[in-house]
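Subject: A structure to look through, with notes

Dear colleague,

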Amino acid sequence: MWWGMAGKMRFLAWLMVAIVLFPGMTTTRHYAGQPTNSSSVGGGLQEPEAPEVMFELLWAGLELDVMGQLHLQDEELASTRPGHRLRLLLQHHVPSDLQGAERRLQQFQDLRTGPPLSPLDFENLLLTGLSCVYRLHKALEAEERGRWAQVFALLAQETLWDLCKGFCPQGQPPSLEPWASILDPFP
């Protein structure tokens, strides 16, 4: 395909950023009385940040430390309430290893047939995908990079599935044709 793997990954990363940017297009429906699917969300994390606030935090940049934790690069933004909340999410609710990301992916895939994700779960889905991009670029071995890329691509697919709920014809997934080659399992 004419894009190459790096171009596809860049496109999918920007797709995730665009989803955060356009709140009107990405607001998931949360029905009254519907529990969130994030059983570990607790104290101070009940409501996701406004998309424009989250975008400002993420635009400032993240860095992956030697311990595998993501941190905001801008210390001033990191010291704000939204910055603290994002730090908690990244440290305690977003998987920091490949096996955790694969388990989280499986959880999202299991929820595909249900109602749209809660706003907290949708935020977690996006941040897990973003985390995969950072870890993909830090991976040293080709096999590990391939696995991170595959998990990221499948998380992007789950994002599209969730956004499509209630809009796409029943049982028909959103069109993923341009990315089909990177969604295939790596050898």
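A residue is called buried when its relative accessible area is under 20%, exposed when that value is over 50%, and partly exposed in between, with a 1.4 Å probe and protein chains only. By that rule, buried residues make up 45% of the 187 residues in the protein.

Please keep in mind that this is a predicted model, in which local features need pLDDT of at least 70 and side-chain atom pairs count only at pLDDT 80 or more, while totals for chains, interfaces and linings use all residues. Residues are numbered from 1 along each chain as its sequence is written, and side-chain values use heavy atoms, with hydrogens and water left out.

The overall layout

The protein has nine helices and two strands, where helices (H or I, at least four residues) and strands (E, at least two) are DSSP runs numbered from the N terminus. Read from the N terminus on, the order of the elements is α-α-α-β-β-α-α-α-α-α-α. If we take contact to mean heavy atoms within 4.5 Å, then among contacts between residues at least 6 apart in sequence, 72% join residues at least 24 apart.

The expected span of a helix is 1.5 Å times one less than its number of residues.

Helix α5 can be read in a similar manner: its 12 residues should span 16 Å, which agrees with the 16 Å between its end C-alpha atoms. The buried residues of α5 are Pro 82, Gly 83, Arg 85, Leu 86, Leu 89 and Leu 90. They cover an arc of only 160 degrees around the axis, which puts them on the same side of α5. Arg 81 and His 92, on the other side of α5, are exposed, and what covers the buried residues includes α3, β1 (62-64), β2 (70-72), α4 (75-78) and α7.

The nonpolar cores

A nonpolar core is a set of buried Ala, Val, Leu, Ile, Met, Phe, Trp, Tyr and Cys residues joined through side-chain atoms within 4.5 Å. The largest one has 19 residues, of which Phe 122, Leu 125, Cys 132, Trp 148, Val 151 and Leu 155 touch the most other members. The elements that give two or more residues to this core are α6, α7 and α8, and α8 gives the most, with seven residues. Leaving aside its neighbours within four places in sequence, Cys 132 is in contact with Ala 101, Trp 148, Val 151, Phe 152 and Leu 155. A second, separate core of 14 residues includes Met 54, Leu 62, Leu 72 and Leu 90.

Charged pairs

Side chains of opposite charge can pair when their charged atoms come close. A salt bridge is counted here when a side-chain nitrogen of Lys or Arg lies within 4 Å of a carboxyl oxygen of Asp or Glu, and the count by this rule comes to four. In one of them, the side chains of Glu 123 and Arg 85 meet at 2.8 Å, N to O. This pair links distant parts of the chain, with Glu 123 in helix α7 and Arg 85 in helix α5 (residues 81-92), 38 residues apart. Glu 123 is buried, with a relative accessible area of 8%, and Arg 85 is buried too, at 4%.

Another salt bridge joins Glu 102 and Arg 147, with the closest N and O atoms 3.0 Å apart. Because Glu 102 lies in helix α6 and Arg 147 in helix α8, the pair ties together parts that are 45 residues apart in sequence. Glu 102 is partly exposed, at 29%, as is Arg 147, at 30%.

With best wishes

Technical notes. Arc of directions from axis to C-beta.
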